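These are my notebook entries on one protein chain. I set down what I looked up, entry by entry.

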Amino acid sequence: MRYVQGGGLTEAGRAARERIRLQAVGRFERGDKNREIAAALRVSERSVERWRRHWRERGEAGVLSKGSPGRPRLSEKQVAKLERELERGPLVHGWVDQRWTLARVKTLIGRLFHVSYTVEGTWRLLKRHGWSWQQPARRAIERDDAAVDLWKKEVWPRVRASRRPATDGSSSRTRPVSR
């Protein structure tokens, strides 16, 4: 089941779901059929089948909630340390330029905390804590604006070919226009 805006269930929502599962366990013990349990608890038969299987394998503990699957892997203290390290810059951490890429942040997290994130997970972590993507405010120092202007004026018109000839054409590809 997917939840809007990546929210998942709150503790109260998770507790309510667990109460429903425990009601199903009571009905399993009474010998009720899956279809009856699903109708009474307003859940799908597949869920009831899955709960029954877990209940047979592990007892009541098999149907209890295992907690949020998306709990953060970094504590607030670790996130604060990560932010301090990011503010120090990439040069301090051994990269040759001043750009923080998601791959670099992912590597830094692995080095500092021995926790593995995906690049997408790294982006979500940064976004959740108020970081955003950045774009350089200035152009490269090496850029030669005069050379760029010259190329646009002299080379580009020669490179760019016109799309169609300006003269009348023929719909036939094999014979020229006959007049």
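**Entry 1. Arg104 and its partner**

I looked up Arg104 and found it buried, because its relative accessible area is 12%. Here buried means under 20% relative accessible area, exposed means over 50%, and partly exposed lies in between, with a 1.4 Å probe and protein chains only. Arg104 forms a salt bridge with Asp97, and their closest N and O atoms are 2.5 Å apart. A salt bridge is counted when a side-chain nitrogen of Lys or Arg is within 4 Å of a carboxyl oxygen of Asp or Glu. Asp97 has a relative accessible area of 22%, so I list Asp97 as partly exposed.

I noted the basis of these entries: the model is predicted, local features need pLDDT of at least 70, side-chain atom pairs count only at pLDDT 80 or more, and totals for chains, interfaces and linings use all residues. Residues are numbered from 1 along each chain as its sequence is written, and side-chain values use heavy atoms, with hydrogens and water left out.

**Entry 2. Other salt bridges**

How many salt bridges does the count come to? By the rule above, I recorded eight salt bridges. I then followed a network of salt bridges that links Arg27, Arg30 and Asp32. Within it, Arg30 and Asp32 have their closest N and O atoms 2.9 Å apart. The salt bridge between the side chains of Arg27 and Asp32 is 3.7 Å, N to O.

I also compared the cover of each member. Asp32 counts as buried because its relative accessibility is 17%. Arg27, at 23%, counts as partly exposed, whereas Arg30, at 59%, counts as exposed.

**Entry 3. Overall plan**

I counted seven helices and zero strands in the protein. Helices (H or I, at least four residues) and strands (E, at least two) are DSSP runs, numbered from the N terminus. From the N terminus on, the order of elements is α-α-α-α-α-α-α.

The protein has 179 residues, and buried residues make up 21% of them. I noted an accessible surface of about 15,000 Å², of which 50% belongs to carbon and sulfur atoms. Such areas come from the Shrake-Rupley method with a 1.4 Å probe, and for residues only the protein chains shown count as cover.

I looked up the contacts too, where contact means heavy atoms within 4.5 Å. Among contacts with a separation of 6 or more, residues 24 or more positions apart account for 36%.

Is Trp51 buried or exposed? Trp51 counts as buried, because its relative accessibility is 10%. I located Trp51 in helix α3. Apart from neighbours within four places in sequence, Trp51 is in contact with Ile20, Arg21, Ala24, Phe28, Val43 and Val63. I also noted Leu64, which is 13 residues from Trp51 in sequence and 9.5 Å from it in space, C-alpha to C-alpha.

I found Glu85 in helix α4, residues 76–88. Its relative accessibility is 13%, so Glu85 counts as buried. Which residues does Glu85 touch, not counting those up to four places away in sequence? I listed His93, Trp100, Leu108 and Leu112.

**Entry 4. Surface patches**

I looked up a patch of positive charge on the surface, where Arg46, Arg50, Arg53, Arg56, Arg58 and Lys66 gather. Patches are made of residues with over 30% relative accessible area and no salt bridge; like charges are joined within 9 Å, and nonpolar side chains (Val, Leu, Ile, Met, Phe, Trp, Tyr) within 5 Å. Lys and Arg count as positive and Asp and Glu as negative, while His and the chain ends are not counted. The place of a charge is taken as NZ of Lys, CZ of Arg, CG of Asp or CD of Glu. Arg50 counts as partly exposed because its relative accessibility is 37%.

I then turned to a nonpolar surface patch of Trp151, Trp156 and Val159, with about 320 Å² of accessible area together. Val159 belongs to helix α7, residues 145–159.

**Entry 5. Positive phi values**

I noted that phi of Arg42 is near 60 degrees, a positive value in a residue other than glycine. Arg42 lies in the loop between α2 (34–41) and α3. With a relative accessible area of 79%, Arg42 is exposed.
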